[in-house]
Amino acid sequence: MRPHRLRVTAFGPFPGTVEVDLDEVSAAGPFLLRGATGAGKTSLLDAVGYALFGRVPGARGLKQLRSDHAAPGVRTSVELWATVGGRAVHVVRTPDQQRPKARGEGTTTDRATVAVRVADDLAALADDHCTARWSGVQEANDELAGLVGMTHEQFVQVVLLPQGDFARFLRARDEDRAEVLRALFDTRRFRAVEQHLREQRDAARLALGEADGAARSAAERVATLADVDEPPTTGLAAWAGELLTAAEDRAAALGAEAGEVG
C-alpha cells in the first residue's frame with residue numbers, strides 16, 4: 001500500500017483543512033515525520049488508518065477524531081488517495097458528528113459516511129474512469145481490507161507501529177507474527193511450493209510402502225518354496241542376497257556331483 005495524498009478537515013489538532021502531498025515529500029526517498037508533541041504527527045497516521053479501515057489505533061475512539069478547535073459548521077472528514085493492492089483508490093470518510101440544526105436551536109447528528117472510488121491507475125482515477133465504487137460503510141470496509149490484504153490490527157502492527165506496539169509485535173506468539181508477515185509479504189507462492197513438496201513426499205511414502213509390501217510378499221513366497229525360515233523384518237535385500245548365494249552354491253555342488261556320476 002502506498003499513500004499518495006492525504007487531506008484532513010477538522011481532524012485531530014487541525015481545525016481547518018490540511019493537505020499533505022506524500023508523493024512530493026517522498027520523491028527524494030524515505031522521509032521523517034517530526035514535530036513537537038501535539039503537532040499532529042500521530043493524527044496524520046490515524047487519518048490513513050481511518051480512511052482505509054474506518055478505525056483508529058489504540059485507545060483513541062472515533063468520537064475523539066473531531067478537532068476541538070473546529071468551527072461548529074465545519075464537518076470532520078478524511079480524504080486519501082493511495083495505491084492499494086495494485087489499484088488506485090480514493091477514499092472520503094466522515095465520522096459520526098454533531099452539528100448545529102439548520103432550523104431552531106440545538107444540534108443534530110450526522111451519521112458516518114464513506115465514498116470509495118477504485119481505478120486501474122491514478123490517471124484513470126483523476127479522470128473518474130473507475131472500475132468500482134462503494135458507499136456502504138460495511139461494504140467499503142470489507143472491500144478495502146481485501147485490497148490492503150490485512151486486518152486493521154495487522155496494519156497497525158506492521159505499518160503504523162504506534163508507540164509500544166512494535167515491542168508488542170516482537171513479543172507476540174509465533175503464530176500471530178507469522179500471520180502478519182504472511183499478509184505483509186504475500187507468501188502464498190511459498191506456501192504453494194511447500195504444499196506441493198508435502199504432497200510429493202506423501203505420494204513417495206505411499207509408493208514406498210506399497211513397494212515394500214510387494215517385496216515382502218515375494219520374499220515370503222520364496223522362503224516357502226526354498227523351505228527356509230521366514231524373511232527378517234529388516235535387511236530384506238541382504239537376506240535375499242544370502243539366499244541367492246546359498247542357492248548358487250547348492251546348484252554348483254549338484255552340478256559337480258552330476259559330473260562325477262556321469
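Is Q97 buried or exposed? At 7% relative accessibility, Q97 counts as buried, where buried means under 20% relative accessible area, exposed means over 50%, and partly exposed lies in between (1.4 Å probe, protein chains only). The model discussed here is predicted, so that local features need pLDDT of at least 70 and side-chain atom pairs count only at pLDDT 80 or more, while totals for chains, interfaces and linings use all residues. Residues are numbered from 1 along each chain as its sequence is written, and side-chain values use heavy atoms, with hydrogens and water left out.

The protein chain has 262 residues, of which 29% count as buried. Its secondary structure comes to nine helices and eight strands; these elements are DSSP runs numbered from the N terminus, with helices (H or I) of at least four residues and strands (E) of at least two. The protein chain exposes about 16,800 Å², and carbon and sulfur atoms supply 54% of that area, as computed by the Shrake-Rupley method with a 1.4 Å probe, only the protein chains shown counting as cover for residues. Contact means heavy atoms within 4.5 Å. Among contacts in the protein chain between residues at least 6 apart in sequence, 50% join residues at least 24 apart.

The description now turns to the sheet. Strands of a sheet pair through backbone hydrogen bonds, either parallel or antiparallel. Here six strands form an open sheet, in the order β2-β1-β3-β4-β7-β8, with antiparallel pairing; two strands pair if DSSP finds at least two bridges between them. At the edges are β2 (14-21) and β8 (132-134), each of which pairs on one side only. From one strand to the next, the twist averages 10°. Strand β1 (residues 2-11) is joined to β2 by six bridges, and the two run antiparallel. Within this pairing, R5 has D21 of β2 as its bridge partner.

Two helices pack on the sheet. Helix α2 (residues 41-53) touches β1, β2, β3 (77-84) and β4 (87-94), and its direction makes about 105° with that of β1. Helix α4 (residues 137-148) touches β3, β4, β7 (113-119) and β8, and its direction makes about 145° with that of β4. For these angles, axes are lines fitted to C-alpha atoms, for helices over the stretch in contact, and the angles run from 0 to 180 degrees between N-to-C directions.

In soluble globular proteins, nonpolar side chains tend to be buried together. A nonpolar core is a set of buried Ala, Val, Leu, Ile, Met, Phe, Trp, Tyr and Cys residues joined through side-chain atoms within 4.5 Å. The largest such core in this model has 30 residues, and those with the most contacts inside it are L6, L52, V78, V89, V116 and W134. Two or more residues of this core come from each of β1, α2, β3, β4, β7, β8 and α4, and the largest share, seven residues, is given by α2. Leaving aside neighbours within four places in sequence, W134 is in contact with V114, A115, V116, V118, E139, A140, E143, L144 and L147.

Q97 is placed in strand β5 (residues 97-100), which four bridges join to strand β6 (residues 107-110) in an antiparallel arrangement. The bridge partner of Q97 in β6 is D110. Leaving aside neighbours within four places in sequence, Q97 is in contact with R66, V74, R75, T76, T108, T109 and D110.

Most residues other than glycine have a negative phi. A10, although not a glycine, has a positive phi of about 50°. A10 is found in strand β1 and is buried, with a relative accessible area of 0%. D128, likewise not a glycine, has a positive phi of about 65°. D128 lies in the loop between α3 (122-126) and β8 and counts as partly exposed at 37% relative accessibility.
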